[in-house]
Amino acid sequence: MKKLPTLLLLGMLFLNLSCAENTVSVIDKLREDDWVCSFFNDVLNTQNRDTYYKYAPYYLENPYADPEISDKVFLWYEKGWGPEIIKIEEKISLLNICYHLYKIDEIKGNKIKVHVIEMDEYTNTYNDKKTNLNWKLLNNKKKFTLIFEFDGDYLDIYVNNKKNFFATFCKYDISTYNQLKDLIKTNKCEPWMIEYPKRADGSIDYVSGTEHTENTQ
């Protein structure tokens with residue numbers, strides 16, 4: 001009978017350690033992985049760079065790189081292009097917008113709540129044209145809560161509550177990521193080297209390793 005308290009203590013210690021490890025791994029997903037907009041799945045599936053314009057009309061209207069930072073004017077995809085990502089480090093990088101003041105409010109299962117405090121009166125309304133995400137949820141807001149919910153290789157993001165859907169992101173393996181960059185730069189890719197991300201239940205948007213396919217959902 002004297003061993004029972006010891007076993008209980010060991011069990012509680014194991015549970016706490018397991019929770020701690022899960023907490024760290026969830027945070028690491030945001031700190032270490034590159035999460036890109038899930039609409040790139042459609043770009044890869046069509047194997048056509050122009051599909052990107054449907055989701056990022058800014059580049060159709062502004063096809064050239066900034067001549068002020070280049071010796072020569074390049075088309076936006078010709079030099080140094082990479083998909084914009086979301087990541088939490090010392091700041092939150094939400095595509096090309098950075099929020100330097102934030103605190104993690106809650107970590108529960110595969111969900112993280114982050115309270116964001118913007119540093120100044122900066123507004124990001126121009127993003128409405130750059131990518132067609134639900135920017136109206138963030139435009140002109142100085143304080144808000146981002147809810148990150150992981151689902152396999154996908155990351156769904158909400159603002160303040162689950163009713164306000166912002167966007168879905170996903171992560172690629174290195175081969176798929178490189179195929180995306182090649183497709184944007186050359187308008188060509190190797191479809192058999194593409195592995196589409198999966199939801200936790202195994203569902204996918206497109207069949208991996210094939211030519212152009214229809215959305216499976």
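This is a predicted model: local features need pLDDT of at least 70, side-chain atom pairs count only at pLDDT 80 or more; totals for chains, interfaces and linings use all residues.
Residues are numbered from 1 along each chain as its sequence is written, and side-chain values use heavy atoms, with hydrogens and water left out. Local features need pLDDT of at least 70 and side-chain atom pairs count only at pLDDT 80 or more, whereas totals for chains, interfaces and linings use all residues.

**View 1. Strand β7 pairs with β6 and with β8.** Strands are DSSP runs of E with at least two residues, numbered from the N terminus; two strands pair if DSSP finds at least two bridges between them. Strand β7 (residues 143–151) runs antiparallel to β6 (residues 111–117), joined by seven bridges, with I112 opposite F148. Six bridges connect β7 in the antiparallel sense to β8 (residues 154–159), where Y158 is the bridge partner of I147. Two residues separate the strands of the β7 and β8 hairpin, in which G152 takes a positive phi near 65 degrees.

**View 2. The largest cavity is lined by seven residues, C37, F39, F40, Y52, E84, L95 and T131.** A cavity is a set of points on a 1 Å grid over the protein atoms alone where a 1.4 Å probe fits but cannot get out; lining residues have an atom within 4 Å of a point. The whole structure holds one cavity of 30 Å³ or more.

**View 3. I107 lies in strand β5 (residues 101–108).** I107 is partly exposed, with a relative accessible area of 27%, that is, between buried (under 20%) and exposed (over 50%), using a 1.4 Å probe and protein chains only. V26 is 81 residues from I107 in sequence, and their C-alpha atoms are 8.2 Å apart.

Note on methods. Helices (H or I, at least four residues) and strands (E, at least two) are DSSP runs, numbered from the N terminus. On a 1 Å grid over the protein atoms alone, a cavity is a set of points where a 1.4 Å probe fits but cannot get out, and a pocket is an open set with protein on both sides within 12 Å along at least five of seven lines; lining residues have an atom within 4 Å of a point. Grid points are joined across faces, edges and corners, and a volume is the space filled by probe spheres set on the points.
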